[in-house]
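Please prepare a short briefing on the ligand sites and the chain interface of the model shown here.

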Amino acid sequence: MADLRVNIAGVEWSNPVTTASGTFGFGREYAEYFDLSNLGAVCLKALSAKPRLGNRSPRIAEVNDGILNSVGLQNPGAQHFIDNELEWLRQFDTKIIANLCGSTVEDYVEVAEILGDKVDMFELNISCPNVKEGGMAFGTDPKMIEDITSRVKAASKVPLIVKLSPNVTDITEMAKAAEAGGADAVSLINTLLGMKIDIKTRKPVLYNNMGGLSGPAVMPVAVRMVYQVRRAVKLPIIGMGGIATGEDAIEFLLAGADAVAVGTAGIVDPYAWIKVRSGINDYLDRNGYNSVKDIVGKVDING
Amino acid sequence: MLCKLAFKSELRQGLYNFIIDCPEMAKAAKPGQFVHVLCGGSAYLRRPISICDAVNDRFVRFIFEVRGKGTAELAKAQPEQLLDVLGPLGNGFEVPEELSGEAVLIGGGIGIFPLLMLAKKLPQKPLVMLGFRDKQSAVMIREFSNAAKEVFVASDDGSIGHKGFVTDMLKSKIASGAKIDKIYTCGPVPMMKIVADTAKENNIECMVSMEERMGCGVGACVTCTCTMTDGSRRRVCKDGPVFNGAEVDFDG
Ligand SMILES: Cc1cc2nc3c(=O)[nH]c(=O)nc-3n(C[C@H](O)[C@H](O)[C@H](O)COP(=O)(O)OP(=O)(O)OC[C@H]3O[C@@H](n4cnc5c(N)ncnc54)[C@H](O)[C@@H]3O)c2cc1C
Ligand SMILES: Cc1cc2nc3c(=O)[nH]c(=O)nc-3n(C[C@H](O)[C@H](O)[C@H](O)COP(=O)(O)O)c2cc1C
Ligand code: FES
C-alpha cells in the first residue's frame, strides 16, 4: 500500500481524490453507497450568498462519452448549508471544500464571509458557463481573475483554490492571473461549453440551449491543460475532467496534478470515486512507487 | 448492483418485459419507485425505468419501450446476463392503510407500468383507467383486470375502448357521483395536468408520477428538477418521481 497522502496548500488530504463540485451534492446521497472518509476531500456543489433557483429542465443531455449540463448553480444558499448540512458532513474524516459562486465580486466576498472558517478550503467557481451575469466573464479575463482572487483572499484566511475555465485561448494566462491574485491552488477543468440538438424535434435538448460538457469526452483536453498549467505556475493543481478510473487519474498526476477530482463518472457509477482511489494505489504498488507524490509531473515528454 | 436477468419477453414489438433476480431490491421496492439501468453499448448514462412489480421478495419486474440507443441496447440483453442496476430509487406512491372511497389509477402509454404494483398493494381493488395510442399498443389489460375492481380503456383512434382521452373517463366517473378518495396517475404531462386539475376541482387528493431527464438518479447532481407551484424546483429522482399533483407546476 503506497502512501497516498497529499498536501494541498497546507491542507493534508488522506489521499488525492476529491469530488468534482456539483456532481456530489453535499455528500448525503453517496454516503448511502460508501463511507465519505475514503475521500481525501469532499468538494460541495456551488454555494451562493442567496439561494438560487437554477435553470428550467431539461438540464442534462447525453452526448458521446459524456454529458452536457445546465443546472445553473441551483443551491439553497450558504447559510442554509451551514445550518443543515455542515455538522452532518463533519462526522467524516475528510476535508471539506466549499465551491463559491456569484454574479458579482461582492457576491463572492459575501459567500466567503458567510462561510467564514467553517470549511477547510474554498474553491472559487469563476468558470461556470451557466451564469449569464458574469460567471463566464470572470473566468475568461485575466484581470478579473486576479481582482476577484485577491478580493476573496483579503476577506478570508481559508486556503483558496481558483477553478479555471477551459473556454479560453490560453489557460496558462488564467492560471498566472490566479497566482498573481494570491490563489493557494488552482483546479481545472470546469466544463466546456457545448450544445446537443435533437434531430427529431430540431430543438436543443437542453432548455437552456447550451450547457457544460463533461465526462470522458473532455479528458484529453483536461490533461493537456493540466500539463500546460504545471509549467506556468508553482501552485498545487487539482486536475479533473473525465476521470473514471485509476489509470485516468494517473495521467493527470503525471501531467502535473497534485490531486484529482471525479465528477461525471460518479453520476454513472456511484462507486467511481472509490474505484479511482484504489486504482491509483494499484498503479503505484504495481510500479514500485512508495508515494503518490513520486509521480506528480513525471510525464516523460518527447523531444 | 449486478443482478441477473432472470426472464425476458417481448410484450409487443419494441416493448420488453424484464424480470431481474435481486432479492434486496425486491424486498425494499415500493410502487412508483424506479430502477436506474446501465444499458451498455454507447449509451453513457443510465436509464430510469419504473418498477412494475416485485415478486416473491426476490424478483423485480420492469417494462420498457425501445425509444433511443440506450433502450435499444438494453433490449439485446439475454437471460442469465448480469445487468448493472441501481434501485429501488425515489419516493413512490403513498399507499394508504384504508380508503374512504374509490382509488382511481390513471395511466397513459408507458406510464401504466408502475400502476400495476400500486393496484396490487392498495387496501382495496382500484378503478383503473388506461389510455393508449391504438389497439396495437394496448397491453397488460388482463393483468390489470386481475388487480382492479374495473378497468376502463381509451385510445386516441378508438380502435380499442373509448375513443378519446382517458381523462374523459375520470370526468364521467366523477359526474356519475362515484365517491373517489384518491387518484394516482402516471403518463404524459398534458394528461397528468388534466387529471391533477380535475382532482383539484373536485377536492380529491391526487398523486402524480413525473418524468424528467436524469443523471445520477440518486439526488446528487440536481439535473432532473421539476417546478413546483410555489416556484421552487425539486429533484424528480429523489423528492419524486411521485409528487402531490396540487404542488406541481406542469407548465414551469
Ligand atoms: C422515473 C421514470 C420512470 C420511467 N419509467 C419508464 C417505464 O417504466 N417504461 C418505459 O418504457 N420508460 C420509462 N421511462 C422513460 C425512459 O426513461 C426513457 O424512455 C428512456 O430513458 C429513453 O432512453 P433511450 O436510450 O431510449 O433514448 P435516448 O434518446 O438515447 O436517450 C438519451 C437521453 O435522454 C434521456 N431520455 C430520453 N427520453 C426520456 C424520457 N422520456 N424520460 C426521461 N429521460 C429520457 C435518456 O435517459 C438518456 O439520458 C421512465 C422515465 C422516468 C424519469
Ligand atoms: C451536473 C454538474 C454540475 C456541476 N456543477 C458545478 C458547480 O456547481 N461548480 C463548479 O465549479 N463546477 C461544477 N461542475 C463542473 C465539475 O465540477 C467538473 O469541473 C467538470 O464536470 C469536469 O469533471 P468531470 O468530467 O469529472 O465531471 C458541474 C458538473 C456537472 C456535470
Ligand atoms: S438525476 Fe441527479 S439529482 Fe436527480
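Which polar backbone atom is 2.6 Å from an oxygen atom of ligand 1? That backbone atom belongs to Pro48(B). The model is predicted, with local features needing pLDDT of at least 70, side-chain atom pairs counting only at pLDDT 80 or more, and totals for chains, interfaces and linings using all residues. Residues are numbered from 1 along each chain as its sequence is written, chains are lettered from A and ligands numbered from 1 in the order in which they are written, and side-chain values use heavy atoms, without hydrogens and water.

**Ligand 1**

- The residues around ligand 1 number 19 (near means a heavy atom within 4 Å), and Arg47(B), Pro48(B), Gly68(B), Thr71(B) and Glu211(B) come nearest.
- Two further backbone pairs involve Ile63(B), with a polar backbone atom 2.8 Å from a nitrogen atom of ligand 1, and Gly68(B), with a backbone N or O atom 2.5 Å from an oxygen atom of ligand 1.
- On its own, ligand 1 exposes 830 Å², of which the protein buries 87% (accessible areas by the Shrake-Rupley method with a 1.4 Å probe).
- Two or more residues of the shell come from each of β4 (47-50), β6 (59-65) and α2 (69-74) of chain B (DSSP runs, with helices H or I of at least four residues and strands E of at least two, numbered from the N terminus).
- The most residues, four, come from β4(B).
- Domain 1 (2-89) and domain 2 (102-247) of chain B each supply at least three residues to the shell (bounds from an automatic or database domain assignment).

**Ligand 2**

- Ligand 2 is surrounded by 23 residues, the closest being Ser21(A), Lys163(A), Ile189(A), Gly242(A) and Thr264(A).
- The site is shared between chains because residues from both A and B surround ligand 2.
- Polar backbone atoms of Ile189(A) and Gly215(A) are each 2.9 Å from an oxygen atom of ligand 2.
- For Gly241(A), a backbone N or O atom lies 3.5 Å from an oxygen atom of ligand 2.

**Interface of chains A and B**

- In chain B, 29 residues are in contact with 35 residues of chain A (contact means heavy atoms within 4.5 Å).
- About 2,500 Å² is buried between the two chains, 55% of it on carbon and sulfur atoms (accessible area, 1.4 Å probe, lost on being put together and summed over both parts).
- On the chain B side, Tyr44(B), Arg213(B) and Arg233(B) lose the most area to chain A, together 30% of what that side buries.

Key
Polar contact = N/O pair within 3.5 Å; in protein donor to acceptor, adjacent residues only side chain to side chain.
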